[in-house]
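Please keep the sequence and the model open while I talk.

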Amino acid sequence: MRNKLFIILFLLFSIKSFTIEVKTEIAGKYVENSSENYFENRVKSELSIKNPDFYAAVRADGIYKDDKGEVKIERAYIDLYKNSFTFSLGKQRIFWGSGYLFNYVDLFNEVDIEDPKGDKKGVNGAIVKYKLNDTSRAEAALIFKDEKKSFASRLSTTVGLFELTCNYIKNRKLISEAANLYSKTDFIILEAKGEAVVGLWGTAVFKENSEPVKSSSRIYTAGTDYTFSINENPLYLLEELSYDEKAKTLLSYSLATYDFTNDLKLSASLISDTESGSSVAGSSLKYLYNDYITATVYFNNYKDCNNSDSPILSENSDGNEYKLELKADF
């Protein structure tokens, strides 16, 4: 990691003309649930440098929790632009896929049920992007994670009001560090996303496991969203479904957000497994004090999550959870 960071910094400062920008986020959070309660403080500080031919960033994340502190380099990458090509190298945010919560193309990040489209951790990799024409592009990525290489590629094109994407992914994932055991899975994932009065998207996932046990499965997802106006304020509604053909399980995700004012937003969501009866009901109230400071209160209820086979649900402990977060950006 140090060698990569040194190479990136050397490339940056060997270029004469560039613009420098620094962004910092400070957040404090209190969490209380059935198993624990704690305070957590986080600092994210990012230095970015750019000109018309490149963009690069280095970000350090610091966390202080339970009287212990830790600092990690969460971003250290460079993007190089040349005609229709973009080449990216280093620890970077890799976030593919058109799904909202059930985004099976995004195999390199953990699912955040409170903010599925939020910030993601950096992943070591190299990515090449090529713009075929005004409506089509191709991408290929080599991901270094858990000391194994994963490969991902995708081809996207626009037909009418919809974008169609074909993804091919060879994923290698560590499932037992003690036994040095990895799973090896190949994915072909077809996606479609566009507008037809309402927003529409869907995926077909063809999954083949070769290790540790050979198996295959098919997963289908579909989603829609729409924004209404109530008292001249926006009400956003979203519904997404995921059906596993082999397990015969149906997962659903519902989301509603309403802006009472420009400064106050209420959100409510429900994730449920129709087979096991597991569910997560969440709500949040976010207050924007000014352009830089926000305060958010969360309430989550986890029910029978251990009965579900879905990692989105099963990793949660049952009971109620309360969170209070203060965040400042500058």
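Before anything else, a word that we will need: a residue is called buried when its relative accessible area is under 20%, exposed when that value is over 50%, and partly exposed in between. What we are looking at is a predicted model, and in it buried residues make up 37% of the 330 residues in the protein chain.

Let me start with the overall build. The protein chain has 2 helices and 18 strands. Its radius of gyration is 21 Å, which is close to the 20 Å that the globule rule gives for 330 residues, and therefore the chain is as compact as a globular protein of that length. If you follow the C-alpha trace along its principal axes, the spans are about 55 × 50 × 50 Å. When we consider contacts between residues at least 6 apart in sequence, 42% of them join residues at least 24 apart.

Now to the interior. In soluble globular proteins, nonpolar side chains tend to be buried together. Which residues touch the most other members of the largest nonpolar core here? That core has 15 residues, and the ones with the most contacts to other members are Leu-101, Ile-113, Tyr-253, Ile-271 and Val-280. Two elements, strand β14 (249-259) and helix α2 (311-314), each give two or more residues to this core, and the largest share, 3 residues, comes from β14. If we take Tyr-253 and leave aside its neighbours within four places in sequence, its contacts include Leu-101, Ile-113 and Ile-271, and also Glu-239 and Glu-240.

Let us turn to the aromatic rings. A pair of aromatic rings is described by the distance of the centres and the angle of the planes. The structure holds 7 aromatic pairs, and one of them is formed by Phe-85 and Tyr-130, a tilted pair with 4.5 Å from centre to centre and 35° between the planes. This pair links distant parts of the chain, since Phe-85 is in strand β5 and Tyr-130 is in strand β6, 45 residues apart. Phe-85, at 44% relative accessibility, is partly exposed, and so is Tyr-130, with a relative accessible area of 33%. The rings of Tyr-258 and Phe-260 have their centres 5.0 Å apart and their planes at 90°, so this pair is edge-to-face. Here Tyr-258 is buried, at 14% relative accessibility, whereas Phe-260 is partly exposed, at 39%.

Lys-120 lies over the face of Phe-95, at 4.8 Å from the ring centre, and Lys-193 lies over the face of Trp-201, at 5.9 Å from the ring centre.

Finally, the cysteines. How many disulfides are there? The count comes to 0. Cys-166 is partly exposed, with a relative accessible area of 38%, while Cys-305 is buried, at 0%.

Terms used:
Residues numbered from 1 in each chain as written. Predicted model: local features only at pLDDT ≥ 70, side-chain atom pairs only at ≥ 80, totals over all residues. Heavy atoms only, no water. Phe/Tyr/Trp six-rings, centres within 6.5 Å; stacked < 30°, edge-to-face > 60°. Helix = DSSP H or I, 4+ residues; strand = E, 2+ residues; numbered from the N terminus. Buried < 20%, exposed > 50% of the residue type's maximum accessible area, 1.4 Å probe, protein only. Lys NZ or Arg CZ within 6 Å of the ring centre and 35° of its normal. Core = buried A, V, L, I, M, F, W, Y, C linked by side-chain atoms within 4.5 Å. Contact = heavy atoms within 4.5 Å. Disulfide = S-S within 2.5 Å. Rg over C-alpha atoms; globule rule 2.2 N^0.38 Å.
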